[in-house]
Amino acid sequence: MSGAGLTYTRFELRRTVRNRRFFILSLAFPVVLYFLIAGPNHDVNDFANTGISAPLYYMVGLISFGTMSAILSSGARIATERGAGWNRQLRITPLTPRAYFRAKIVTAYLMAGLTILVLYICGATLGVSLPVGRWLAMTALILIALIPFAALGIAMGHLLTTDSVGPALGGSVGLLAFLGGTWFPITSGVLHGIAQALPSYWLVQASHVALGGSAWGVTGWLVMTGWTVVLGALAILAYQRDTKRV
C-alpha cells in the first residue's frame, strides 16, 4: 500500500471512531434488539425446527443486520463526499482509486468486526457456547458473506445523492434482513425461493457452521459468487460513470 493510501486509511478510521454518535448507535442498536428478541427465548434449544438454539440463531441474525448496515454505510460516506466535491479534490492527489476504495472497505469492515465481537459477547451471556474452531469458522464465513455488500455500498454511493442514499440504504438493509431470515427462519414457500437467491440469506446461514454442519453448500457459494461479480461490476461502472461526469 502506498504512503498516500496508508495516510487516507488512517484518516478514514480516525474519522469513523471520532463520530461518536454513529459509532455508538451502530453497535448499540443490534445489541438492544438482540436482548429484546433472544432474551425471552434464551432457553429454546431448537428454534422453529432449525436445530439451532434461539440465542445462537438471533445472534447471527442480528450480526447479519448490524454488519450489513456497517458495510453499506460506506455508500453514505461516498455520497456525502461526492456532494461536497471532496472526491474531485482527491482525484488530483497521489491517492489511487484502489487505495480510496480500500480505505472505505477497511473502515466498513472495522465496524462490522466490532459488531460481530459485541454480539458474540452478548450471545455468550445468553448461553451460546462453541468450540474455538467453530467460532473461527463462523466468523470467517460471515466476513466472506459481506463482500458483495461492500460492492453494493460503493455502487450506491456513486449512484445516489446525499439526500436519497440514507433512505435507500436503510430500506435495503431492512428488506434484505427480512428476506434473509434475520427475524425468523424462512424454510418453505415462495419467500424461501426468493431468499435463497439473496446474499443476506446465506449470511444468516453462517450460523449452521456453529453446529458443525455445512452452512452453504454448492448453491450458497454460487449465489454469493454471482452477487459478488455482478455488484462488483456495478460498483466499477458507477465509479467510472461518476468520474466521467466531473
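Let's start with Ile 144, which sits in helix 6 (residues 132-145). Keep in mind that this is a predicted model. Is Ile 144 buried, exposed or something in between? With a relative accessible area of 36%, Ile 144 counts as partly exposed, because that class lies between the 20% and 50% cut-offs.

What does Ile 144 touch, leaving aside residues up to four places away in sequence? Its partners are Trp 216 and Trp 221. Another pairing to look at is Ile 144 with Met 224: they are 80 residues apart in sequence, yet their C-alpha atoms are 8.9 Å apart in space.

Next up is helix 7, which covers residues 147-159. From first C-alpha to last, its 13 residues reach 19 Å, close to the 18 Å expected at 1.5 Å a residue. Helix 7 is mostly covered, with eleven of its 13 residues buried. Among those buried residues are Pro 148, Phe 149, Leu 152, Ile 154, Met 156 and His 158.

Now for the surface. Phe 178, Phe 184, Val 190, Leu 191 and Ile 194 make a nonpolar patch of about 420 Å². Which helix gives the largest share of the nonpolar patch? That's helix 9 (residues 189-196), with three residues. Phe 178, also in the patch, has its place in helix 8 (residues 162-180).

| Residue | Relative accessibility |
|---|---|
| Ile 144 | 36% |
| Phe 178 | 32% |

So Phe 178, at 32%, counts as partly exposed.

Definitions and conventions:
Residues numbered from 1 in each chain as written. Predicted model: local features only at pLDDT ≥ 70, side-chain atom pairs only at ≥ 80, totals over all residues. Heavy atoms only, no water. Helix = DSSP H or I, 4+ residues; strand = E, 2+ residues; numbered from the N terminus. Expected span 1.5 Å × (residues − 1). Buried < 20%, exposed > 50% of the residue type's maximum accessible area, 1.4 Å probe, protein only. Patch = residues over 30% accessible without salt bridge, like charges linked within 9 Å, V, L, I, M, F, W, Y side chains within 5 Å. Areas by Shrake-Rupley, 256 points an atom, 1.4 Å probe, with all protein chains shown as cover. Salt bridge = Lys/Arg side-chain N within 4 Å of Asp/Glu carboxyl O. Contact = heavy atoms within 4.5 Å.
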